[in-house]
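Please look through the sequence and the model shown below.

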Amino acid sequence: MSGEESTRLARALIEFREAEGISERELARRTWLSEATIRTFECDRGDLPTATVARSLEEVLGWAPGSIKTAPSEAMGGEASAESPMDLE
């Protein structure tokens, strides 16, 4: 996540919580995410969220789907399939 995007998400989460008058715990409940996850993104640590986390945050913030960049899915990598039980038979 670029620094600008990370900062935008962090600000949006903090502004949303302040506008709603809710705690990290309540935001975590609304997004079905952990409080640690909420803190991670509010602290602007710059990590890309997973697609599931990004969709939850977009929904709560009222952002369009796909407006938060996500980390590449591990399922997309070829390495995991090379070691699957089916390949070992």
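In this text, a residue is called buried when its relative accessible area is under 20%, exposed when that area is over 50%, and partly exposed in between, as found with a 1.4 Å probe and the protein chains only. The structure is a predicted model, in which local features need pLDDT of at least 70, side-chain atom pairs count only at pLDDT 80 or more, and totals for chains, interfaces and linings use all residues. Residues are numbered from 1 along each chain as its sequence is written, and side-chain values use heavy atoms, with hydrogens and water left out.

The overall picture comes first. The protein has 6 helices and 0 strands; here helices (H or I, at least four residues) and strands (E, at least two) are DSSP runs, numbered from the N terminus. Along the sequence the pattern is therefore written α-α-α-α-α-α. Of the 89 residues, 28% count as buried. The accessible surface comes to about 6,100 Å², and 52% of this surface belongs to carbon and sulfur atoms; such areas come from the Shrake-Rupley method with a 1.4 Å probe, and for residues only the protein chains shown count as cover. A contact means heavy atoms within 4.5 Å. Among contacts between residues at least 6 apart in sequence, 43% join residues at least 24 apart.

The mean pLDDT of the protein is 81, and 79% of its residues reach 70 or more. Confidence is highest in α2, at 94, and lowest in helix α5 (residues 78-82), at a mean of 41. Over residues 76-89 pLDDT stays under 50, and for this stretch the model has 3 contacts beyond four places in sequence.

In α4, the buried residues are Val53, Ala54, Ser56, Leu57, Glu58, Val60 and Leu61, and they pack against α1, α2 and α3. After α4 comes Gly62, which has a positive phi near 80°. In α3, the buried residues are Ile38, Thr40, Phe41 and Glu42; their cover includes α1, α2 and α4. Just after α3, Asp44 takes a positive phi of about 60°. An α-helix has 3.6 residues a turn, so residues three or four places apart point the same way.

Side chains of opposite charge can pair when their charged atoms come close. A salt bridge is a side-chain nitrogen of Lys or Arg within 4 Å of a carboxyl oxygen of Asp or Glu. By this rule the model has 8 salt bridges. In one of them, the side chains of Arg17 and Glu42 meet at 2.7 Å, N to O. This pair links distant parts of the chain, with Arg17 in helix α1 and Glu42 in helix α3, 25 residues apart. Is Arg17 buried or exposed? Arg17 counts as buried because its relative accessibility is 18%, and Glu42 is buried as well. Beyond residues up to four places away in sequence, Arg17 touches Ile22, Ser23, Glu24, Leu27 and Glu42.

A second salt bridge joins Arg30 and Glu20, whose closest N and O atoms are 3.3 Å apart. Here the link runs between Arg30 in helix α2 and Glu20 in helix α1, 10 residues apart. Arg30 counts as partly exposed because its relative accessibility is 32%, and Glu20 counts as partly exposed at 41%. Glu20 and Arg30 also belong to a network of salt bridges that links Glu20, Glu26, Arg29 and Arg30.

Another salt bridge is formed by Arg25 and Glu35, with the closest N and O atoms 3.3 Å apart. Arg25 lies in helix α2 and Glu35 in helix α3, 10 residues apart. Arg25 is exposed, with a relative accessible area of 60%, whereas Glu35 is partly exposed, with 25%.

Conventions:
pLDDT = per-residue confidence, 0-100.
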